[in-house]
Amino acid sequence: MRAIKLNGFGEPEVMEWGDAADPVPGHAEVLIEVAAAGVNRADLLQRRGFYPPPPGASEVMGLECSGVIAEVGDGVRDWHVGDRVCALLSGGGYAEKVVVAATQVLPVPDGLDLGAAAALPEAAATVWSNLAMTAGLDAGQLVLIHGGGSGIGTHAIQVAVSRGARVAVTAGSPEKLKRCRELGASVLINYREDDFVAAVRTEGPGADIILDIMGAAYLSRNVEALAPHGRLVVIGMQGGVTAELNLGALLSKWGTIHANNVRNRPATGPNSKAAIITELRHHVWPLIADGTIAPVIHAELPITEAAEAHRLLDSSETFGKVVLNVRDA
């Protein structure tokens, strides 16, 4: 098979499309012939040498894909050769074939093509595991989503609205905020001009849940923006990794801070990837099938243009996901 390999760490040009060893499914695994792969910020970090794959995972980048099952390992009962699927991966998506645990596979939702389906698993798993499973998303809450125009943000807006929550978002341009409103956000905050703490406080005592991609740079202001008993969930560190926390401010809110990622969760057990996938299939996939939630895709590029896809995601131009088309490589 062919795959994107790294000839070092650094700029997008270190990625090369070339020959690689064929993966073989083991017990309780399936082999997917990849049609498309989603591009995530974790991929950019891995390319730069800052986010190595977990032990035992493929060295090839790519945390989600769509395609057709080509082979099933022993012990697999729920999937069959020819099934159209998408999958949450620990790595390996930027390739013609990938092996993944059967418990991390989902059917392609009705009405979606394989390109759109590739944009779902990582964003859906991240959003649901953090907003619903960790933070207790519920109707009537105010949810602040930083980076509303990102792949995570565009999905999170729709999930929160579908659960009856009110949504505040930050984004860096009026155009992005307009599109966030079209997805259901009602409090629109231009982070280049507006104070998000003041903005959420005009809506009441603060945000019940904050989904944060910035990390250190926003920590103290996020705590300030929390409502009593509010939950701050940190899923990214674009604003740095180290910050001083005023515990008194957090205590005064009875607040909690969670920091989570999906890639390093265990495969099975409580709060595992398998548990998240089960929740997605039950709670989110029906909403995708009926059109309540839809993947938002900024661009779909050939896998041979992975460098351009990385540059695009790293710019301020994107709204939603970037997808790599593998099937026509």
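Student: Are Phe-196 and Tyr-218 buried or exposed?
Tutor: This is a predicted model, in which local features need pLDDT of at least 70, side-chain atom pairs count only at pLDDT 80 or more, and totals for chains, interfaces and linings use all residues. Residues are numbered from 1 along each chain as its sequence is written, and side-chain values use heavy atoms, with hydrogens and water left out. On the scale of relative accessible area (1.4 Å probe, protein chains only), under 20% is buried, over 50% exposed and anything in between partly exposed. By that scale, Phe-196 and Tyr-218 are both buried.

Student: How many aromatic pairs are found, and which parts of the chain does the pair link?
Tutor: Rings of Phe, Tyr and Trp (its six-membered ring) pair if their centres lie within 6.5 Å, and the planes are stacked under 30 degrees, edge-to-face over 60 and tilted for the rest. A search of the whole structure finds one aromatic pair. Phe-196 and Tyr-218 form this pair, which is tilted, with 5.1 Å from centre to centre and 40° between the planes.

Student: Which residue lies over the face of Tyr-218?
Tutor: A charge sits over a ring if NZ of Lys or CZ of Arg is within 6 Å of the ring centre and within 35 degrees of the ring normal. For Tyr-218, at 5.7 Å from the ring centre, the residue is Arg-221.

Student: How many of the twelve residues of H4 are buried?
Tutor: Helices are DSSP runs (H or I, at least four residues), as are strands (E, at least two), numbered from the N terminus, and H4 covers residues 151–162. Among its buried residues are Gly-151, Thr-154, His-155 and Gln-158. H4 is largely enclosed by the rest of the structure, because the number of its twelve residues that are buried is ten.

Student: Which element gives the most to the lining of the largest cavity?
Tutor: A cavity is a set of points on a 1 Å grid over the protein atoms alone where a 1.4 Å probe fits but cannot get out, and lining residues have an atom within 4 Å of a point. The largest cavity has a volume of about 50 Å³, and its lining includes Ala-119, Leu-120, Pro-295 and Lys-321. With four residues, the element that gives the most to this lining is H4.

Note on methods:
Expected span 1.5 Å × (residues − 1). 1 Å grid on protein atoms, 1.4 Å probe; cavity = no way out; pocket = protein on both sides within 12 Å on 5 of 7 lines; lining within 4 Å. Points joined across faces, edges and corners; volume = space filled by probe spheres on them.
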